[in-house]
Amino acid sequence: MQNNANRPINETNLLHRTHLLLEQHRAFSNQQGERFNIFSILKMERKEVETHSRFIYELLNPHGRHGMGTTFLELFITDVLSLDNQRGKYTVKREDGTDEGRRIDFTIESADSMIGIEMKIDAADQHNQLYDYFLELKKRATNKEVRLYYLTLFGTQPSTGSLNSLTDKQYELIAFSSHIVDWLTACIKEAAMKPVLREALVQYKLLIEKLTGQRQEFKMELAKQLASNPNDLQAALAIEHAIVKSKIMLQERFWTTLKQALESQEKIVAVYGGKSIKNISKNYYQNSKGNKNIGLKYPIGQYADMNVYMYINLYSWVHYGLRVCDEHGNAVSRRDIKNDIAPLLPTGNAVNSKKDDWVTCYYNDEQTTQPIVKFAEFGDSFDTDPVLLSLTNENEVQKLTESIVCHLLKIEEQFSKLQKN
C-alpha cells in the first residue's frame with residue numbers, strides 16, 4: 001500500500017482548498033474592518049457581567065442611552081422570548097437580587113407576566129440556581145404568568161443540579177447563536193438613522209457571531225463546494241467523524257503532560273471528574289451529560305483544621321488555584337478560611353475566585369506571557385485560538401504545561417509563607 005503521509009498537498013486536496021478559502025475570507029473580512037472589534041481588542045469577549053449583561057441591559061432599558069425608547073425591548077419580547085408585546089408596560093432590571101442572596105441576570109415584568117432570564121457564557125451552573133429563580137419569580141408573580149429562560153451560546157440544557165425538580169415545561173432555552181443574533185439584526189435595522197449606535201450594534205453582533213462560530217459567507221461558500229462535489233462531501237463526512245476524536249486526543253495529551261510535569265516536582269496528583277485522564281477527556285466531548293468540571297488535584301498543606309489542595313480544573317477554560325478540602329480531598333465551602341487566606345494572596349483573575357469553595361483561582365499568571373487554555377472554544381470559531389492549535393505540537397504542549405506548573409509553584413510558595421506566619 002502506498003504511503004501518502006508525505007504526499008505534497010495539491011489544489012485538489014479538500015483540506016488545502018478549504019484552508020485557502022478560509023484565508024480568502026479572513027482577508028476579505030479584514031478589508032471590511034470586521035476583525036477590528038473593540039470587544040476583542042479590549043479582551044472583553046467572554047465577560048458575562050462586564051460585557052454581555054451590561055450591553056444587553058442597556059439595549060433593553062427603555063431609558064437607555066440608545067435613545068430608541070422601547071423599540072429594542074419590544075423586539076426582544078417578540079423575537080427572543082416569543083411573547084405577545086404589551087407596548088410600554090414592561091419594567092426591566094439587571095442583576096435582580098433574590099431572598100436567597102442570588103442575582104437573576106435579567107427580570108422583565110409586565111401587567112400579566114413575570115420573566116426571569118439566566119445567562120451563561122462560561123460560568124458553571126450553581127446548585128439549585130434555576131430552581132431558586134423559579135420559586136422567586138413565583139413568589140413575586142401573584143396572579144401573573146411566570147416565564148423562566150436559560151440563555152447560553154448554543155441553547156444548551158442547564159445542569160440537573162441547577163434544575164432540581166423543575167420540568168422542561170417550567171423553563172425555556174434561548175441561544176445567542178440564533179435568538180440574540182436575529183434580535184441584533186432587527187435592532188441594527190431599526191438604528192439605521194443613528195450611525196454610531198448602529199455600528200456599536202454591528203460590533204456586538206460580530207462578537208456573538210465569533211463566539212458562536214458563525215461566518216455566514218464562508219459557510220455558504222464551503223457548503224456550495226461540498227454540495228457540488230461528491231468526493232469532497234464524502235471526505236468532509238469522514239473528517240466530521242474524526243474531529244471529536246482529535247479533540248479528545250489533544251486534551252488527553254495536555255492533561256498527561258501536565259500530570260507528568262507535576263509528578264516530576266514530587267506532587268501526589270489525582271485525576272477527578274472521571275476514572276482516568278482518558279476517561280475525562282473522552283466524556284468532555286462525547287457525553288452531553290458528562291461532568292464538565294474535570295481535572296487534576298494534589299495536596300499542598302493544611303490551614304486550621306482543614307486540608308488545602310491545588311486544583312487544576314476545566315469547565316470552559318482551564319483555571320486553577322487553592323481549595324479547602326475534606327479528608328477525602330473533596331472541595332468544601334469554608335468562607336471563614338477563605339476570608340483568612342485570600343486577602344494575603346494575589347487576587348485571582350478567574351470567575352471562580354469569587355466563589356466560597358475556591359480560596360483563590362486563576363486563568364493564568366498575568367505577570368508573564370502564559371496563555372489561557374480555552375478548551376470550550378475548540379471549534380466554536382473559524383479563527384481557532386492559536387493556543388489550542390499549538391496542542392498539535394508536543395514541544396509546544398511541554399512549554400505550555402511548564403508555564404502552568406511554574407505559576408502553580410509560585411502560588412504554593414505564597415501559601416507556604418502564609419503558613420509560616
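Tutor: Handedness first: a crossing is left-handed if the near helix is turned anticlockwise from the far one by less than a right angle, and right-handed if clockwise. Helices (H or I, at least four residues) and strands (E, at least two) are DSSP runs, numbered from the N terminus.

Student: Which hand is the crossing of helix 10 and helix 11?
Tutor: Right-handed. Note that this is a predicted model: local features need pLDDT of at least 70, side-chain atom pairs count only at pLDDT 80 or more, and totals for chains, interfaces and linings use all residues. Residues are numbered from 1 along each chain as its sequence is written, and side-chain values use heavy atoms, with hydrogens and water left out.

Student: At what angle do helix 10 and helix 11 pack?
Tutor: About 145°, with the axes 9 Å apart. Helix 10 covers residues 230-263 and helix 11 covers 277-286. Axes are lines fitted to C-alpha atoms, for helices over the stretch in contact, and angles run from 0 to 180 degrees between N-to-C directions.

Student: Which residues make the contact?
Tutor: From helix 10, they include Val-244, Ile-248 and Trp-255. From helix 11, they include Ile-277, Ile-280 and Tyr-284. Contact means heavy atoms within 4.5 Å. The residues of this contact divide into seven nonpolar, four polar and five charged. Here Ala, Val, Leu, Ile, Met, Phe, Trp, Tyr, Cys and Pro count as nonpolar, Asp, Glu, Lys and Arg as charged, and the others, Gly among them, as polar.

Student: What else does Trp-255 touch?
Tutor: Leaving out residues up to four places away in sequence, its partners include Ile-294, Leu-296, Ile-312 and Leu-314. Trp-255 is also among the residues with the most contacts inside the largest nonpolar core, along with Ile-312 and Phe-375.

Student: How many residues has that core?
Tutor: 42. A nonpolar core is a set of buried Ala, Val, Leu, Ile, Met, Phe, Trp, Tyr and Cys residues joined through side-chain atoms within 4.5 Å. Buried means under 20% relative accessible area, exposed over 50%, partly exposed in between (1.4 Å probe, protein chains only).

Student: Which element gives the largest share of the core?
Tutor: Helix 14, with eight residues. Apart from this core lies another, of 40 residues, among them Ile-56 and Tyr-149.

Student: New topic. Ser-246: which helix is it in?
Tutor: Helix 10. Ser-246 is partly exposed, at 31% relative accessible area. Its C-alpha is 9.4 Å from that of Thr-392, 146 residues apart along the chain.

Student: And how much of the protein chain is buried?
Tutor: Buried residues make up 47% of the 421 residues.
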